[in-house]
Amino acid sequence: MATESFIIKTPCSSANIGPGFDVIGLALSMYLELQVTIDRSKTSSSLPLNCRVTYEGQGEDSGDISLDPEVNLLTRVALYVLRCHGQRSFPVETHVHIKNPIPLGRGLGSSGAAVVAGVLLGKECGKLDHLTPERLFDFCLMIERHPDNVGAALFGGFVGTYLKPLTPEEVARKEIPLSEVLPAPAGGVDTGIRPPEPPHGIGHHIKFPWAPEIKAVAIIPEFEVPTAKAREVLPAVYPRNDVTFNLQRIALLPVALGQSPPDPELIYLAMQDKLHQPYRQTLIPGLTEIVESMTPASMPGLLGVCLSGAGPTILALATGNFEEIATKIIDHFKKNNIVCNWKVLEPAEGTTVIRK
Ligand SMILES: Nc1ncnc2c1ncn2[C@@H]1O[C@H](COP(=O)(O)OP(=O)(O)O)[C@@H](O)[C@H]1O
Ligand SMILES: N[C@@H](CCOP(=O)(O)O)C(=O)O
């Protein structure tokens, strides 16, 4: 067939869920979608890297998302996968239309979804059928270096993610600067050198059960917090008591969220954190007040509240009363002149490729 078309659909995610910093991820029902067509009848193209990128959705009007395939995160990731397999550019002539409802820089895994979808785009465009989901995870981890949000976006559901102990040589390869992994942005020189391939079996995941009654209410402030900035405010070392506090809760969390009917007191306790949220309140006005004041005792239907990913979105897990819960959190943000919108989301399947 001369024209090939397929769709890549990747869910957004909420990482951490309180105590699970860089470990736990939950795929949620808002999807980044790539509509891809490849005209394989053509033998040459005037398009840069043979690829035309179009975009609709979040950040569309602000011009935050580049349409240059050498600059756009998604297509750069796809090029990384292609170049690791000896293919310098996209097939002649590729059109990638990106539909993105995931708000940017809000802690709902927009970059994780872009990385996962980009890796799949590279696999599909390059006909790299030998790449298993586990190997695709390795590629994701060379770019998004924590496994929680990419693990959820790739595999779906409620997941625990972990990295295998790497040899010193593998660590050196995995931690190679991002500028050497991703192709040079526009204006950079394509040296023709193959980028470093990921070590094998870097990341792993395990799926946890999720009680069907539990929904995720995302309260999304209008301002952005880039994940890189939200990681810079975290300390390099932690007091032992704070680490123990999180270990005790992380042992409860997957069990508490899998039990049906859910136990609000247990879930509320299991969602407390001392490793990232207290430090990130400097970037998210009202965060501590929200986390401390929203309890199942004061709000029927509520199970627990946490920062979603690196923020600023707040994730409230609940079995009902969604609007009242969201309104209460929105009112807290209002005191700091912050406007929000909100959505009820459900756990989602992982990334799928749909061929027509
Ligand atoms: N669909 C997309 N296409 C291209 N780039 C994207 C896309 N989604 C996110 N990004 C990039 O990722 C950035 C946001 O990443 P990050 O700061 O990690 O926040 P988030 O919590 O949303 O993942 C955006 O500013 C943009 O540069
Ligand atoms: N564990 C990471 C998760 C970042 O997720 P994002 O959705 O904000 O990109 C962190 O907390 O930094």
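1. Let's start with one stretch of the chain: over residues 72–157 it is 56% helix and 8% strand, and the end C-alpha atoms are 27 Å apart. Helices (H or I, at least four residues) and strands (E, at least two) are DSSP runs, numbered from the N terminus. UniProt, in an unreviewed entry, gives residues 72–157 the feature "domain: GHMP kinase N-terminal". UniProt positions are in the numbering used here, feature names are shortened, and annotations may be inferred rather than shown by experiment.

2. Before you read on, please note that this is a predicted model, in which local features need pLDDT of at least 70 and side-chain atom pairs count only at pLDDT 80 or more, while totals for chains, interfaces and linings use all residues. Residues are numbered from 1 along each chain as its sequence is written, and chains are lettered from A and ligands numbered from 1 in the order in which they are written.

3. Over residues 270–334 the chain is 38% helix and 17% strand, with 28 Å between the end C-alpha atoms.

4. Now look at the division into domains. The protein splits into domain 1 (3–205 + 348–355) and domain 2 (210–345), with bounds that come from an automatic or database domain assignment. Taken over C-alpha atoms, the centres of the two domains are 27 Å apart. Their contact takes 25 residues from domain 1 and 30 residues from domain 2; two residues are in contact if their C-beta atoms, placed from the backbone, lie within 7 Å.

5. Which elements give two or more residues to the side of domain 1 that touches domain 2? They are β1 (3–15), β2 (24–39) and β5 (158–163), and β2 gives the most, with five residues. By class, this side of domain 1 has twelve nonpolar, twelve polar and one charged residues. Here Ala, Val, Leu, Ile, Met, Phe, Trp, Tyr, Cys and Pro count as nonpolar, Asp, Glu, Lys and Arg as charged, and the others, Gly among them, as polar.

6. Next, visit ligand 1. Of the 22 residues around ligand 1, L73, S110, S111, A114 and T227 come nearest; a residue is near a molecule if its C-beta atom, placed from the backbone, lies within 6 Å of it. Two or more residues of this shell come from each of α1 (73–84), β4 (94–100) and α2, and α2 gives the most, with four residues. The shell divides into ten nonpolar, ten polar and two charged residues. Domain 1 and domain 2 each provide at least three residues.

7. Ligand 2 has 18 residues around it, the closest being A15, G109, T227, G309 and A310. At least two residues of its shell come from each of α2 (110–125), α4 and α7 (227–232), with the largest share, three residues, from α7. The shell around ligand 2 has five nonpolar, ten polar and three charged residues. It too draws at least three residues from each of domain 1 and domain 2.

8. P133, L136, F137, C140 and L141 in α3 meet P147, V150, G151, L154 and F155 in α4. This contact has nine nonpolar, one polar and no charged residues.
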